[in-house]
Amino acid sequence: MKSPNLPEIFKRFTSINALVIGDVMLDTYLYGNVSRMSPEAPVPIVNINDAESRLGGAANVALNLKSLGAGVTICSVIGKDAAGKKLLQLLKKNKLNSASVVATSRVTTEKTRILSKNSQMLRFDIETEADLSAGDESELLNSIQKEIHTGKYHVVIFQDYNKGTLTKKVITDTIALCKKKKIPVAVDPKKRNFFEYREVTLFKPNLRELSDALETTIDAANIASLNSVTQLLHKKLQHQFTLLTLSEKGVFASNHKDAQIIPTTTKSVADVSGAGDTVISVAALCLGAGIDYIILSKLANIAGGVVCAEVGVVPIDKKKFFEKAQEILR
């Protein structure tokens, strides 16, 4: 395949408007040092000396898109709590459009990680996984439909973490509207509504999610095995492209006629947190820009490797990404 015109592709990213729909989260990091064990239980005592909050989940997808120059709007729900207030502050700070984020009586999803010497020692979560109430669902759908009817979006992204934002009705009604408006749809699924994303453009599960959903064992090193399961997936969903992430083995890309295993590009993995967010972000931008699915898959794979070299959930660094893509795809 001819080497892609990377400067032109990255320039096209800046003309894309993306609508992100899904579970937003607040990622909190507590940094400290361990000098002794607790006398109360066989656990280390961490003396916290710093803390920070970052955008997580669908909000991190939005931040990745923004980092690459795209215009971004988020449709989601938060709680009327301290974490929700902080999340809105971070969205505003990062100049992300949060006008369609609905405040509800639900708890805002918050993941708190405790780190010492760049190693994660513990994570605790505050969340609910219950589906939205009928009233919240209706309000969110109204926000989504209002945004799509503006006609400004080149791609719609579903970022599902099974926290209840993406109900069956939200999914199916939104996909139907996108089909009507001829807007490509990219999906990063989770188990609960895995097979509700019918007739989307790009479906990006990871290996475990696909294995669990199809209740089968998959050999990630065997292209025949990967082909077999993605064809089965295609029969169920009737989607256009599959981008299957294979962890340290890279990604498997298929348009259900041709397929390819694209090996990982990273040599040093510091933290895999948020890598899937980056992969779907780059894939969706390429989709919106009309990029060939193999180039799309290679760029998404490279981007995932770039963020794995960083500690914690961080958006892609555009300069590092471009340089790495030039190095690999020249």
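Guide: Let's start with burial: a residue is buried under 20% relative accessible area, exposed over 50%, and partly exposed in between, using a 1.4 Å probe and protein chains only. Gly56 has a relative accessibility of 0%, so Gly56 counts as buried. Before going on, keep in mind that this is a predicted model, where local features need pLDDT of at least 70, side-chain atom pairs count only at pLDDT 80 or more, and totals for chains, interfaces and linings use all residues. Numbering runs from 1 along each chain as its sequence is written, and side-chain values use heavy atoms, with hydrogens and water left out.

Back to our spot. Gly56 sits in strand S3, residues 44-57 (strands are DSSP runs of E with at least two residues, helices are runs of H or I with at least four, and both are numbered from the N terminus). Leaving out residues up to four places away in sequence, Gly56 touches Asp23, Val24, Met25 and Asp27, where contact means heavy atoms within 4.5 Å. For a sense of reach, take Ser3: Ser3 and Gly56 are 53 residues apart along the chain, and their C-alpha atoms are separated by 33 Å.

Next comes helix H2, which covers residues 58-67. The axes of H2 and helix H8 (residues 275-288) come within 9 Å and cross at roughly 50°; axes here are lines fitted to C-alpha atoms, for helices over the stretch in contact, with angles running from 0 to 180 degrees between N-to-C directions. H2 and H8 are therefore oblique to each other: angles under 35 degrees count as roughly parallel, over 145 as roughly antiparallel, 65 to 115 as roughly perpendicular, and the rest as oblique. On the H2 side you'll find Asn60, Val61, Asn64 and Leu65, which meet Asp277, Thr278, Ile280, Ser281 and Leu285 in H8. Sorted by class, this contact of H2 with H8 has four nonpolar, four polar and one charged residues. Here Ala, Val, Leu, Ile, Met, Phe, Trp, Tyr, Cys and Pro count as nonpolar, Asp, Glu, Lys and Arg as charged, and the others, Gly among them, as polar.

Leu207, Leu210 and Leu214 of H6 make the contact with Leu226, Val229, Leu232, Leu233 and Lys236 of H7. That gives seven nonpolar, no polar and one charged residues.

Then there is helix H4 (residues 134-148) with helix H5 (residues 168-181): their axes come within 10 Å and cross at roughly 15°. That angle makes H4 roughly parallel to H5. The crossing of H4 and H5 is right-handed. Its contact is made by Glu137, Leu140, Leu141, Ile144, Gln145 and Ile148 of H4, together with Lys169, Val170, Asp173, Thr174, Leu177, Cys178 and Lys181 of H5. By class, H4 with H5 has seven nonpolar, two polar and four charged residues.

Now for the loops. Most residues other than glycine have a negative phi. Glu199, in the loop between strand S9 (185-188) and strand S10 (202-203), has a positive phi near 65°. At 43% relative accessibility, Glu199 counts as partly exposed. His256 also has a positive phi, near 75°, and lies in the loop between strand S12 (251-254) and strand S13 (259-262). With a relative accessible area of 11%, His256 is buried.

The loop between S12 and S13 holds Asp258 too, and at 51% Asp258 counts as exposed. Setting aside neighbours within four places in sequence, Asp258 is in contact with Ala253 and Tyr293.

Finally, zoom right out. The chain has ten helices and 13 strands, and 54% of its 330 residues count as buried. Among contacts between residues at least 6 apart in sequence, 70% join residues at least 24 apart. Along the principal axes, the C-alpha atoms fill a box of roughly 60 × 45 × 40 Å. A compact globule of 330 residues would have a radius of gyration near 20 Å, and the chain has 20 Å, which agrees; that radius is taken over C-alpha atoms, and the globule rule is 2.2 Å times the number of residues to the power 0.38.

Technical notes. A crossing is left-handed if the near helix is turned anticlockwise from the far one by less than a right angle, and right-handed if clockwise.
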